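Look at the structure below and follow one of its helices from end to end.

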Amino acid sequence: GSSGPAQSNTYGAVTKYFSCNIYQMLRRARDVPVGYGLTGTVLESKTENDEPVVLKSARLKDEVQLGHVKNEIKMYWHHLAALQGIFVPKMIGWCEEKHVTGGSVFLVTEKVGDAVSRDKGELDSKASTKGFSVNVFSLDDDNISRLAKLSLQSLRAIHSQDVLHGDIRCSNMRVALFKGKVCRVWWIDFGNSKYSKNEKLKKMVEEELLDLFEQPVLPVSPI
């Protein structure tokens, strides 16, 4: 099931309706973006039902950002549908809006978990945490192992859909903790991802992930 649903007239109507809500979400967004980069500007906001969401945008004039955001939309829509809300955030919707900031494409996903950081400097001052609430260097050995295993489990689920993430680093993970223990990991930011059935590449990516935590290749229960 990698082909995904066709973008029918019905879907177009849904997209048009969704674009009306973009203005409301922009009004409710925090003033300061939580992220920038190749994959677009990232804001935190809320839906009309007060549910927290992440709002990513790229200007139509910026071909690099636009390419990344459109690629991420394609991955959510076509290849990651079965994993949404489990191993990756749920996509709330997307639209192209020509009347906002000179024309932009918007992708809205649910806000999940807490950000992860490997920046040692963030341990020194709460003022420099920039919203990160889980720092790898502050985790004990058990939680490092749990983070490695659960991030690998989520990554293998993504690989099962023949998607290579394309940017393996801690800041592209979101984690949930229960009673101080890492209990769940989502992957975010698929702007650099690509579709691939290459099993050797998938294995190399999994080893790259475990190198982040200096962990051996771990046995993980199949998805």
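**Helix α4 and its surroundings**

In this predicted model, helix α4 covers residues 199-212, which makes 14 residues. From its first C-alpha to its last it reaches 21 Å, close to the 20 Å expected at 1.5 Å a residue.

Begin with the ends of the helix. After α4 comes E214, a residue with a positive phi, near 55°.

Next, which residues of α4 are buried? They are K202, V205, E206, L209, L210 and L212. Buried here means that a residue has under 20% relative accessible area. Viewed down the axis of α4, these buried residues fall within an arc of 145°, so they line one face of the helix. K200 and D211 lie on the other side of α4 and are exposed.

What do the buried residues of α4 pack against? Their partners are helix α3 (141-160) and the strands β7 (163-164), β8 (173-178) and β9 (181-187).

Now consider confidence. The pLDDT of the chain averages 80, and 74% of the residues score at least 70. Confidence is highest in β7, at 98, and lowest in helix α1 (residues 9-28), where the mean is 56. Residues 1-17 have a pLDDT below 50, and this stretch has 16 contacts in the model beyond near neighbours in sequence. Over residues 122-132 the pLDDT also stays under 50, and here the model has twelve contacts beyond four places in sequence.

Note on methods: Residues numbered from 1 in each chain as written. Predicted model: local features only at pLDDT ≥ 70, side-chain atom pairs only at ≥ 80, totals over all residues. Heavy atoms only, no water. Helix = DSSP H or I, 4+ residues; strand = E, 2+ residues; numbered from the N terminus. Expected span 1.5 Å × (residues − 1). Buried < 20%, exposed > 50% of the residue type's maximum accessible area, 1.4 Å probe, protein only. Arc of directions from axis to C-beta. Contact = heavy atoms within 4.5 Å. pLDDT = per-residue confidence, 0-100.
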